[in-house]
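Here's a quick briefing to read alongside the structure. Keep the view open and follow along topic by topic.

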Amino acid sequence: MLKIDGERVYLRDHKASDLDVFHAWLSDAVVAKYLSWRTYTREESFTHLAHSINENNANPRTDYFFALVLNENEHIIGEAGFTIQTQTKPGGIAELGYFLLQSYWGKGYATEAAKLLIAYCFTVLKLHKVTAGCDVENRASEKVMINCGMQQEAYRKKQRLLNGEWRDRLEYALLYDDWKA
Ligand SMILES: CC(C)(COP(=O)(O)OP(=O)(O)OC[C@H]1O[C@@H](n2cnc3c(N)ncnc32)[C@H](O)[C@@H]1OP(=O)(O)O)[C@@H](O)C(=O)NCCC(=O)NCCS
């Protein structure tokens, strides 16, 4: 099982016993407010979790989404991870995502998780670029990207369909050379 340790949180591969808490954020309309998915039924959460668990041992692995866990009490507080967009010998690109239970928002946990993921992408997977994006009004998500040293690369107009409305999207990225410096 893959585990990435941080100061206050750690990330680990999902397991079947994560279902209750996994479904808690996937079924929360506030968490989903700026996301392209509608809220999940328990069956849909089960299928989604099964896919994540399957990916744990995939070779090559493209989805690295982890349970985000508090060191102090082992509570699962959300999910963070990335999808590999491209991976070649001379580098590759991953896109980050993070989703927390509402009660843990605003404590810096997503920023800590994103920084751990970025370090993993650059040092272990030897990628050269990490990207992330969010709805133009998803300020908390944008702030996580900024906190990690990412630079805005694009402002895409009417890029994602959300509740029947085409929404503008911000895209940020961090290059290995800038991260190392
Ligand atoms: C986005 C999300 C993961 C952030 O998690 P978090 O642990 O609260 O993030 P952090 O505490 O690390 O950082 C959030 C930052 O945004 C700021 N922020 C939060 N809400 C804000 C708002 N409405 N306007 C401006 N800034 C805001 C916080 O003050 C904090 O800034 P700081 O680091 O300068 O203090 C969480 O809000 C979430 O799960 N949202 C729903 C799912 C989602 O939208 N995920 C992103 C997909 S693109």
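Arg169 sits in strand S8, residues 165-175 (strands are DSSP runs of E with at least two residues, helices are runs of H or I with at least four, and both are numbered from the N terminus). Keep in mind that this is a predicted model: local features need pLDDT of at least 70, side-chain atom pairs count only at pLDDT 80 or more, and totals for chains, interfaces and linings use all residues. Residues are numbered from 1 along each chain as its sequence is written.

- Arg169 counts as partly exposed because it has 19 C-beta neighbours inside 10 Å (20 or more would be buried, 12 or fewer exposed, with C-beta atoms placed from the backbone).
- Setting aside neighbours within four places in sequence, Arg169 is in contact with residues including Gly133, Asp135 and Arg156 (contact puts the C-beta atoms, placed from the backbone, within 7 Å).
- Between Arg169 and His14 there are 29 Å, C-alpha to C-alpha, and the two are 155 residues apart in sequence.

**Around the ligand**

- Of the 22 residues around the ligand, Ala110, Thr111, Arg139, Ala140 and Lys143 come nearest (a residue is near if its C-beta atom, placed from the backbone, lies within 6 Å).
- Strand S5 (91-100), helix H3 (109-123) and helix H4 (139-147) each supply at least two residues of this shell, and H4 gives the most, with 6 residues.

**Where H1 meets H2**

- In H1, Leu19, Phe22, His23 and Leu26 meet Arg42, Ser45, Phe46, His48 and Leu49 in H2.

Terms used
Contact = placed C-beta atoms within 7 Å.
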